[in-house]
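Colleague: Please take me through this model in short questions and answers. Start with the terms.

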Amino acid sequence: MINLELPKKLRASANQAHQVATEIFRPISRKYDLAEHEYPVELDTMAAMVEGLADSGTQKIGGAAGGREDDSESDNHATELLGNSNGGNMSALLNALETSWGDVGLMLSIPYQGLGNAAIAAVATDEQLKRFGKVWASMAITEPSFGSDSAAVSTTAVLDGDEWVLNGEKIFVTAGQRSTHIVVWATVDKSLGRAAIKSFVVPRDAPGLSVARLEHKLGIKASDTAVLLLQDCRIPKDNILGSPEVNVEKGFAGVMQTFDNTRPLVAAMAVGVARAALEELRAILTDAGVEISYDTPPNNQHAAAAEFLRMEADYESAYLLSLRAAWMADNKKPNSLEASMSKAKAGRTGTDVSLKAVELAGAIGYSQRTLLEKWGRDSKILDIFEGTQQIQQLIVARRVLGKTSAELK
């Protein structure tokens, strides 16, 4: 059974991430929101810090490197005794939440903490983990011809001797220009459909890989979002993640397993933004003389206080759903349903809370005097990438009703 009391190690890691958010991210948040595509040089310090923590065995500050368990004897012994493990996924989730409380765009720009790292952690072999364990990996899935339908990948990968040759175009690649590696989804045989979709680790300097342009966006402006071209791009044969074999019966469950790790992390990002907005709104309402009481029914309080209580309840439920999804991943329990539930709830809550906070704060919320309007813009992407709100609800419906993707579209 999940234990909601976080262990000392995770509390320390989350506190450290919160200090980073407070001391580094918040002070420069507006600066890089206004200077879109400018590299946040302050993150160079973060890169050295993250690498040092990884080498020392301390949990990472960023959010996207969750995945496999720490195999230390003491941790395994504790797990056997308690039947409960809080490992890499839970640590990554808490750190993503805390750093996103500071600035989600900067969080997505932390060196060596890209979403592609979660893909590597989810499906890489032990040998690949050794080779790619310290890279900064973006994830490239979406193409101009499709958005939410991940099975529609048309980028191709053809084996030529000891190399894979990749051709295609990928859009909306987070940290696509800055990362050292790209995890690219491609098909090894179009005639076999989704079963032939595999993920490949493409080094930044691979011949045939180029950045076509950077996108101008509504929010997360501190994070670069790139369009990548793969033109006869060659990578080593063993850079295909997991097994190169095509299993028609299994489909592309291997690459889709990536989402079971990353969706709770994106949910945590939304929870972090929502918490930031709630805290700022509470301070504004308090200064305006609006009292928020937990002893009085909401309908007997100021309308703004009642609305705050509603949003706070949504925030708490999104937080708990995210914790459950990460806990299940750490404890080797299938969490596809729970991952989608947490992503759907948190994504919707993040946009609702941040935009309602802008509204209730009035002119202060709409101006740049606070970060509320920025959080309102940043939150929207968290309800879109890693699977839209509609896709998450569709996945939940399939799991609950026992329907296949062919039966329920």
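Modeller: A residue is called buried under 20% relative accessible area, exposed over 50% and partly exposed in between, using a 1.4 Å probe and protein chains only. This is a predicted model, in which local features need pLDDT of at least 70 and side-chain atom pairs count only at pLDDT 80 or more, while totals for chains, interfaces and linings use all residues. Residues are numbered from 1 along each chain as its sequence is written, and side-chain values use heavy atoms, with hydrogens and water left out.

Colleague: His-37 has a positive phi; is it buried, partly exposed or exposed?

Modeller: The phi of His-37 is about 75 degrees, although the residue is not a glycine. His-37 belongs to the loop between H1 and helix H2 (43–56); helices (H or I, at least four residues) and strands (E, at least two) are DSSP runs, numbered from the N terminus. Its relative accessibility is 22%, so His-37 counts as partly exposed.

Colleague: And Lys-332: buried or exposed?

Modeller: Lys-332 is found in the loop between helix H9 (303–330) and H10. Lys-332 too is not a glycine, yet has a positive phi of about 60 degrees. With a relative accessibility of 62%, Lys-332 counts as exposed.

Colleague: How many residues of H9 are buried?

Modeller: H9 has 28 residues and reaches 41 Å from its first C-alpha to its last, close to the 40 Å expected at 1.5 Å a residue. The expected span is 1.5 Å times one less than the number of residues. H9 is mostly covered, and its buried residues number 20 of 28.

Colleague: Why is H10 described as largely enclosed by the rest of the structure?

Modeller: H10 (residues 336–361) spans 37 Å between its first and last C-alpha, close to the 38 Å expected, and has 26 residues. Just after H10, Gly-362 takes a positive phi of about 65 degrees. H10 is largely enclosed because its buried residues number 19 of 26.

Colleague: How many residues of H12 are buried?

Modeller: Among the buried residues of H12 are Glu-373, Lys-374, Arg-377 and Asp-378, as well as Trp-375 and Leu-382. Helix H12 (residues 372–382) is largely enclosed by the rest of the structure, because its buried residues number nine of 11.

Colleague: At the other end of the chain numbering, what separates the C-alpha atoms of Ala-21 and Met-107?

Modeller: Ala-21 lies in helix H1 (residues 8–34) and is buried, with a relative accessible area of 0%. Ala-21 and Met-107 are 86 residues apart along the chain, and the separation of their C-alpha atoms is 8.7 Å.

Colleague: Turning to aromatic pairs, how are the rings of Trp-164 and Phe-200 arranged?

Modeller: Rings of Phe, Tyr and Trp (its six-membered ring) pair if their centres lie within 6.5 Å; planes under 30 degrees apart count as stacked, over 60 as edge-to-face and the rest as tilted. The structure holds four such pairs. Trp-164 and Phe-200 have ring centres 5.2 Å apart and planes at 70 degrees, so the pair is edge-to-face.

Colleague: How are the rings of Trp-185 and Phe-259 arranged?

Modeller: Trp-185 is in strand E4 (residues 181–187) and Phe-259 in helix H8 (residues 253–287), 74 residues apart. Both are buried. Their ring centres lie 5.6 Å apart with planes at 55 degrees, so the pair is tilted.

Colleague: Which residue has its charged end over the ring of Phe-259?

Modeller: A charge sits over a ring if NZ of Lys or CZ of Arg is within 6 Å of the ring centre and within 35 degrees of the ring normal. Arg-26 meets this over Trp-101, 3.8 Å from the ring centre. Over Phe-259, at 4.3 Å from the ring centre, sits the charged end of Arg-263.

Colleague: What is the volume of the largest cavity?

Modeller: On a 1 Å grid over the protein atoms alone, a cavity is a set of points where a 1.4 Å probe fits but cannot get out, and lining residues have an atom within 4 Å of a point. Points are joined across faces, edges and corners, and a volume is the space filled by probe spheres set on them. The count comes to one cavity of 30 Å³ or more. The volume of the largest is about 70 Å³.

Colleague: How many residues of its lining are charged?

Modeller: The lining of the largest cavity has 10 residues, with Leu-108, Gln-113, Gly-114, Leu-115 and Thr-174 nearest its centre. Ala, Val, Leu, Ile, Met, Phe, Trp, Tyr, Cys and Pro count as nonpolar, Asp, Glu, Lys and Arg as charged, and the others, Gly among them, as polar. Seven lining residues are nonpolar and three polar; as for charged residues, there are none.

Note on methods. On a 1 Å grid over the protein atoms alone, a cavity is a set of points where a 1.4 Å probe fits but cannot get out, and a pocket is an open set with protein on both sides within 12 Å along at least five of seven lines; lining residues have an atom within 4 Å of a point.
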